[in-house]
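My notes follow, in the order I looked things up.

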Amino acid sequence: MMRKNNIEILFKTHYTRLYRLAASLLYDDDEARDAVSEVFSRLIAKNISLLPDTAETYLLTAVRWASAETS
């Protein structure tokens, strides 16, 4: 399982950019927060480990998918 502090670091490092992407796709602040939260929930639930070099790309892509599912 991905360690809690690794998730926290990913969250703190990438949240603002992920939120802005979701908000630009969804035009709704609450739905944008939900989309980003869903991505991090899936990381934890599915025990996904991310490589440092590709973490941001994975997260941005995941937010696009989560936003598409929400809209």
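Predicted model: local features only at pLDDT ≥ 70, side-chain atom pairs only at ≥ 80, totals over all residues.

Before starting on the surface, I wrote down what I mean by it: accessible areas here come from the Shrake-Rupley method with a 1.4 Å probe. On that basis the protein chain exposes about 4,900 Å², and carbon and sulfur atoms supply 52% of that area.

**Entry 1: the overall fold**

I began with the secondary structure. The protein chain has three helices and zero strands, and read along the sequence the pattern is α-α-α. I then looked up the radius of gyration, which is 11 Å for the protein chain; the globule rule gives 11 Å for 71 residues, so the chain is as compact as a globular protein of that length. The C-alpha trace spans about 30 × 20 × 15 Å along its principal axes.

Next I asked how much of the chain is buried. Buried residues make up 35% of the 71 residues. I also checked how far along the sequence the contacts reach: among contacts between residues at least 6 apart in sequence, 61% join residues at least 24 apart.

**Entry 2: the nonpolar core**

Which residues touch the most other members of the largest nonpolar core? I found F40, L43 and L59, in a core of 22 residues. Each of α1 (4-26), α2 (29-45) and α3 (55-70) supplies at least two residues of this core. The helix that gives the most is α1, with eight residues.

I followed two of these residues further. L43 is found in helix α2, and at 0% relative accessibility L43 counts as buried. Leaving aside neighbours within four places in sequence, L43 is in contact with I7, L10, I48, L50, Y58 and L59.

L59 has its own list. Not counting residues up to four places away in sequence, L59 touches L10, H14, L18, V39, F40, L43 and L50.

I compared the length of α1 with that of a straight helix. α1 has 23 residues, but its end C-alpha atoms are only 29 Å apart, short of the 33 Å that a straight helix would reach at 1.5 Å a residue.

H14 touches E56 and L59, not counting residues up to four places away in sequence.

I listed the buried residues of α1 as well: I7, L10, H14, L18, Y19, L21, A22, A23 and L26. They pack against α2 and α3. A reminder to myself for reading that list: an α-helix has 3.6 residues a turn, so residues three or four places apart point the same way.

For a contrast within α1 I looked at R20, which also has its place in this helix. At 58% relative accessibility R20 counts as exposed. R20 and V36 are 16 residues apart in sequence and 9.8 Å apart in space, C-alpha to C-alpha.

**Entry 3: a serine in α3**

S67 lies in helix α3. I looked up its accessibility, and at 2% S67 counts as buried. Not counting residues up to four places away in sequence, S67 touches A22, L25, L26 and A35.

Last, I checked backbone angles in the loops. Y27 follows α1 and is found in the loop between α1 and α2. Phi of Y27 is near 55 degrees, a positive value in a residue other than glycine. Y27 is exposed, with a relative accessible area of 73%.

What is phi of N47, in the loop between α2 and α3? It is near 55 degrees, again a positive value in a residue other than glycine. At 37% relative accessibility, N47 counts as partly exposed.

Definitions and conventions:
Residues numbered from 1 in each chain as written. Heavy atoms only, no water. Core = buried A, V, L, I, M, F, W, Y, C linked by side-chain atoms within 4.5 Å. Buried < 20%, exposed > 50% of the residue type's maximum accessible area, 1.4 Å probe, protein only. Helix = DSSP H or I, 4+ residues; strand = E, 2+ residues; numbered from the N terminus. Contact = heavy atoms within 4.5 Å. Expected span 1.5 Å × (residues − 1). Rg over C-alpha atoms; globule rule 2.2 N^0.38 Å.
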